[in-house]
Structure formats: C-alpha cells, structure tokens
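Trainee: I'd like to learn how to read a model like this one, feature by feature. Could you walk me through it?

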Amino acid sequence: MDRTSVIVPEAELRRQRDYVEKLSRLHAGRQPLALVDTFGCQQNVADSQRIMGMLRDMGCGFTDDPNRADIVVLNTCAIRENAEKRVYGALGQLKHAKEARPEQILCLCGCMAQQKTVAEKVRKSYRHVDLVFGPQALWKFPELLYGVYTQRRRIFSIDDEPGAIAEGLPVVRESSVKAWVSVMYGCNNFCSYCIVPYVRGRERSREPADILAEVEGLVREGYKEITLLGQNVNSYGKDLAAPMDFADLLGEIDRIPGDYLIRFMTSHPKDATDKLFATMARCGHVAKQLHLPVQSGNSRVLRAMNRGYTREQYLEKVERARSLMPDLVLTSDIIIGFPGETEAEAMDTVSLVEQVGYDALFTFIYSPRPGTPAAKLPDPASREEKQRWFDRLLEAQNAISARRHQSYVGRTLRVLVDGESGDLRWPLQSRTAGGRLVHLAGEKSLIGQYVNARIVDSNTWALFGEAE
C-alpha cells in the first residue's frame, strides 16, 4: 500500500480538531454526557479509547446510564454471530431511551457497522440510529458527529476505504496501570472464516518513531504494562520504507528505560520466526508469554481455513519457542466445527492441545460470517455433534490448565496488582509476567505496583496468593 495514501495529513487532523471545537461550542453552558460501549477485541477497546478522547475534548463527561446519555456510541465486533446478536439486542433496548429523549444521538461504529448488509439493516429497521461509521472513518468522528447535529439527518460513512493511520488522536485510558498501543492496523491474511480483512482494510504499520514516542510517554506516566496490538503483529513493518520487522520493533522498545512489561497480540503462526522468539528471550521488558492461535490441529482443516501452515510446522514453532524460553506461557485460539470438519479431525485438535499443553485457550464453535469463503462451504455436522467435540476439547484443556496452575502453588512470583476483585478473601486482582490471573490477599494501596506474591492455591482458571 502506498504510504502517502495511508498517513492522514496534518491538515486533515487540524480540520477534525476544528470540528471538535465547534462541537464544544454547541454544548456551551452545559456538559453533555456520553456512553461508549465496546464489543469484541482489544483493538476495539483501543479504538473506543480514542473515541472517548475526542468526546472528552468536545466537553463531554461520561456515564454508564443510557437514559442519561446525550451521545451513545456502540463500537461493534463482527467476528462471531453472538456478538452481532448482542449488538442488535442493545440497539433494541436503546430505542426506549431515544424515545424518552429524542435529542439523544445514537452512533454505531466498528467492524460490524462497516458491513453493507448490516448498515442497510440498521438504515431500514433501526431508524433511531443517527450515525453509522466503520473503523476506517474513526478519525473523522468529529466531522461526522457535527454533521448529525447541524444537518439534522442520519449519516452513514461506510465507504470501502483502504484504511489510514491518524496519529495524535486524543485518548482516554480507563486504567492508569495498563495501556494498549496499536502498532498496525488491518490484515492481509484472508483466513477463510474471518471477516476482519474485509472490514478493517489492508495491513498498514505505524512509523516506529511514533510508536516509540507513545511507549516512552506511557512509561514516563507510570504505566506498568503495555500491550502492542495488531491483527497480525508479525506482519509489522512490511509496508515501511526503512527495513524493520516486529522483532526489531520489540528490540527498540526494550531499550526504553523503566520498570514496565511489554506484551503483544495477535501473533500469526505462519509469520512467527526464530528471530522473534530469540528477541523475546533476550529482551528483559518483553513478557515470556505468547498467544499463538492454532485454530485447528488437523492439516487438511488448516488448509481449508487458509492458515498457511501445517500441524507439524506449528508444533515445530512451539518447540523452538520453548527451547529459547523454558518458562514460556503459551495460549491459543481454537475453532471447533469448521465446515466439513469430521469428528476425527476435531479430535486431532484435541490431541494437539494435549501434546502442546497450553496454559489456557480461547475456544469457539464455528460461527459462519456472511461474505467469507467458509460461509459457502457445505457443513454436514450438526450443532449437537459440534457441541460434543467442543465439550471434549474443554475437558482436555481444563485438566491441563488445572495441572499447570497447581504447579505454581508454593512458589513466589512477581505480579502486577491492577485492580480489585470484589472477593472479600482475595480483594485484589493481579497478573504474573506470564499473564496468569492471581487473586491476591493484600492492601488496596498495592494497586498499580509490582509485588511478590506467594501462591497458596489454584483452580482451573486462576491462582490465589498472598502479598509478601
């Protein structure tokens, strides 16, 4: 992709800031309240933080009550059918709030909103929605919102744009301990089941200097954990003028002084290299944690998914990563019931899970996404069959997770205390360097700090510890 068409010019960004100022003047004399509700992945969370930043600069405060909100923004996910159902359910409920307060502005954005079929359904059946825009138009949110206010009409901005990078957008981060930093946007992989490349555009990398400046700023502000985001971070740098890959970027970030930890996601196995694993092992600020989605343990299914690797190649990468990082915490994503998958092929996935011994999994039963190649494939297995396969997968992984967590009992680990748990016995929530959840006994004053925790108990999903 031509870099000159990717970077939003400063003149355009100034124009958006002018719209922010105009909206602020529209609200003069009172503080409007905004509600931003986020569905889906961490990239959506990062996008919502920028939407909140723009709303804050417009003079808005924030509320969780749709009946009090002057502006409601639903930032949506299109990965699975269940996420879409939840959004439509939320839109239905918001109709009542809009009827009670007709001046309320209701916005639908994100991946789901970018799909033309969704936008048309909203246009016809959810007429109380005022503004619809996709991820590529996020940086133009002030201009679009100003249009709704001043033109008194519904606005849809879902053009099939290649995508852009807009630097310097304001951010509202909900946490003062953890931060998300997007290093790239879009995806070129076109896995046959996935809608993301169609709604988020082609891969485009931020300039290294901009990323480094953002991370340096966060470290100065005292953030302790920074997660680098991209649909496939391993593709970082392929579109840059000067040679730099993701491993190089990690090495540059690692040179920033301070007491902090770097995580990243998501990492595509076909592009995960020995160089990446060696860099992770070498860099003191980079967590020895790897989320490496396998999706299936059967090579035929992986070909049908267009994943670009075989079972054997994936296992070789896992072995190489663990040889360099013996304490590596490894997690993955798995889809059960891909169209045409047989029980034997599903059990190949279960056997891979048992062979790898993941610390944790994110597991899903296949959900067809209209517009993707997989949605057109014959799918003879019943929902009941897929559920049985899924249950066997969960049974295998839960046993592995329980054993792995039990092995921590009696050890003392450095953890980052990042919040409260709501449990009187274990009132704090924390994470190990490997990302394992630790419910912690200790004082609230520890939030935001690294502490040593003695692990005294465990279950399938978490550890339990006492601050020392």
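Predicted model: local features only at pLDDT ≥ 70, side-chain atom pairs only at ≥ 80, totals over all residues.

Trainee: Where does Asn306 sit, and what about its phi?

Mentor: The general idea comes before the case. Most residues other than glycine have a negative phi, and most peptide bonds are trans. Asn306 has a positive phi of about 60 degrees, although it is not a glycine. You'll find Asn306 in the loop between α12 and α13 (311-324).

Trainee: And Gln295, is that one buried or exposed?

Mentor: Gln295 is buried, with a relative accessible area of 8%. Gln295 also has a positive phi, about 70 degrees, without being a glycine, and its place is the loop between β12 (289-291) and α12 (299-304).

Trainee: Which peptide bond is cis?

Mentor: Look at the step from Met265 to Thr266: that bond is cis, with omega near 5 degrees. Thr266 belongs to the loop between β11 (261-265) and α11.

Trainee: Now helices. How do I check the span of α4?

Mentor: Count 1.5 Å a residue. Helix α4 (residues 81-100) has 20 residues and should therefore span 28 Å; its end C-alpha atoms are 30 Å apart, which agrees.

Trainee: What do the buried residues of α4 pack against?

Mentor: They pack against β3 (71-76), β4 (105-110), α5 (111-114) and α6 (116-125). The buried set includes Ala83, Val87, Tyr88, Leu91 and Leu94, along with Glu84 and Lys98.

Trainee: Which residues is His128 in contact with, beyond its sequence neighbours?

Mentor: Leaving aside neighbours within four places, His128 is in contact with Leu91, Leu94, Lys95, Lys98 and Leu106. His128 and Lys95 are 33 residues apart in sequence, yet their C-alpha atoms are 6.4 Å apart in space. His128 lies in the loop between α6 and β5 (131-133) and is buried, at 11% relative accessible area.

Trainee: How do I describe two helices that pack together?

Mentor: Two packed helices are described by the angle between their axes and the distance between the axes. Here, take α10 (residues 246-254) and α11 (residues 274-282): their axes come within 9 Å and cross at roughly 15 degrees. That makes α10 roughly parallel to α11, since the cut-off for that label is under 35 degrees. The crossing is left-handed. On the α10 side the contact is made by Phe246, Ala247, Asp248, Leu250 and Gly251, and on the α11 side by Lys275, Leu276, Thr279 and Met280.

Trainee: What about the nonpolar cores?

Mentor: In soluble globular proteins, nonpolar side chains tend to be buried together. The largest nonpolar core in this model has 70 residues, and those with the most contacts inside it are Leu228, Ile253 and Phe264. Helix α14 (residues 343-356) gives the most to this core, with 6 residues. Apart from it lies another core, of 31 residues, among them Ile51, Met58, Leu138 and Trp139.

Trainee: And which residues does Ile253 contact?

Mentor: Setting aside neighbours within four places in sequence, Ile253 is in contact with Ile211, Leu212, Val215, Leu228, Tyr260 and Ile262.

How values were computed:
Residues numbered from 1 in each chain as written. Heavy atoms only, no water. Helix = DSSP H or I, 4+ residues; strand = E, 2+ residues; numbered from the N terminus. Expected span 1.5 Å × (residues − 1). Buried < 20%, exposed > 50% of the residue type's maximum accessible area, 1.4 Å probe, protein only. Contact = heavy atoms within 4.5 Å. Core = buried A, V, L, I, M, F, W, Y, C linked by side-chain atoms within 4.5 Å. Axes fitted to C-alpha atoms, helices over the stretch in contact; angles between N-to-C directions. Parallel < 35°, antiparallel > 145°, perpendicular 65-115°, else oblique. Left-handed = near helix turned anticlockwise from the far one by under 90°.
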